Amino acid sequence: MTSVVALVGLPGGGKSTVGRQLSKRLGARFVDSDVVLEERLGMPIRAYFDQFGEAAFRDHEEAVIDELSAHQGDLIILATGGGAVLRPANRQHLKDRTTVVYLRSTPDELFRRLRHDTQRPLLQVADPLAKLRELHQQRHPLYEETAHYSVDTGRPSVGTLVNMILMQLEMAGLVPASDPGSAAGSAA
């Protein structure tokens, strides 16, 4: 079994929110690669993007993904940045070293969630829905290539998404089967 379950998907797909809940359910540590990056960069990602550009940011992101995907020991749940799959090295490290779950969302669903978001640098454009469609077209095949499992985020609650992921991980023998009584009780 890998020591890392990595969540991939478009910005706003629920990686951090679902990851936090999944880590609680599994008694695992939660790590958000974007938070690690901001701590190391000493500034918000948006500010870094504005000052140094996307390529420089992706270089730092690649180093962080390399480090976090190589984690050995107690299980961690890793929420990756939406663009982490853009670099071939990141896709390879995630695929080979972790169990990757793709939180699959449509651009229209994401637009509904993110239309008032001012923190995601790639969405600070005149037509965020068009940008989300472009990102989906570009990244969806990369998420599919990298993922071991996929879950459609659509309308399910966070608890339902966590249960769906747990079921896939349990069926694959990657985590111990949970007590059916406790899973039902925490899905509310």
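**Buried, paired or partly exposed?**

Me: Which residues of H4 are buried?
Reply: In H4, the buried ones are Phe57, Arg58, Glu61, Val64, Ile65, Leu68 and Ser69. Buried means under 20% relative accessible area, exposed is over 50%, and partly exposed is in between (1.4 Å probe, protein chains only). Helices (H or I, at least four residues) and strands (E, at least two) are DSSP runs, numbered from the N terminus. This is a predicted model, where local features need pLDDT of at least 70, side-chain atom pairs count only at pLDDT 80 or more, and totals for chains, interfaces and linings use all residues. Residues are numbered from 1 along each chain as its sequence is written, and side-chain values use heavy atoms, leaving out hydrogens and water.

Me: What makes the buried residues of H4 line one face of the helix?
Reply: Looking down the axis of H4, they fall within an arc of 125 degrees, so they line one face. The arc is that of the directions from the helix axis to the C-beta atoms.

Me: Why is Val125 called partly exposed?
Reply: Its relative accessibility is 38%, so Val125 counts as partly exposed. You'll find Val125 in the loop between helix H6 (107-114) and helix H7 (128-146).

Me: What makes S1 and S3 a pair?
Reply: Two strands pair if DSSP finds at least two bridges between them. S1 and strand S3 (residues 76-79) are joined by 4 bridges and run parallel, with Leu7 opposite Ala79.
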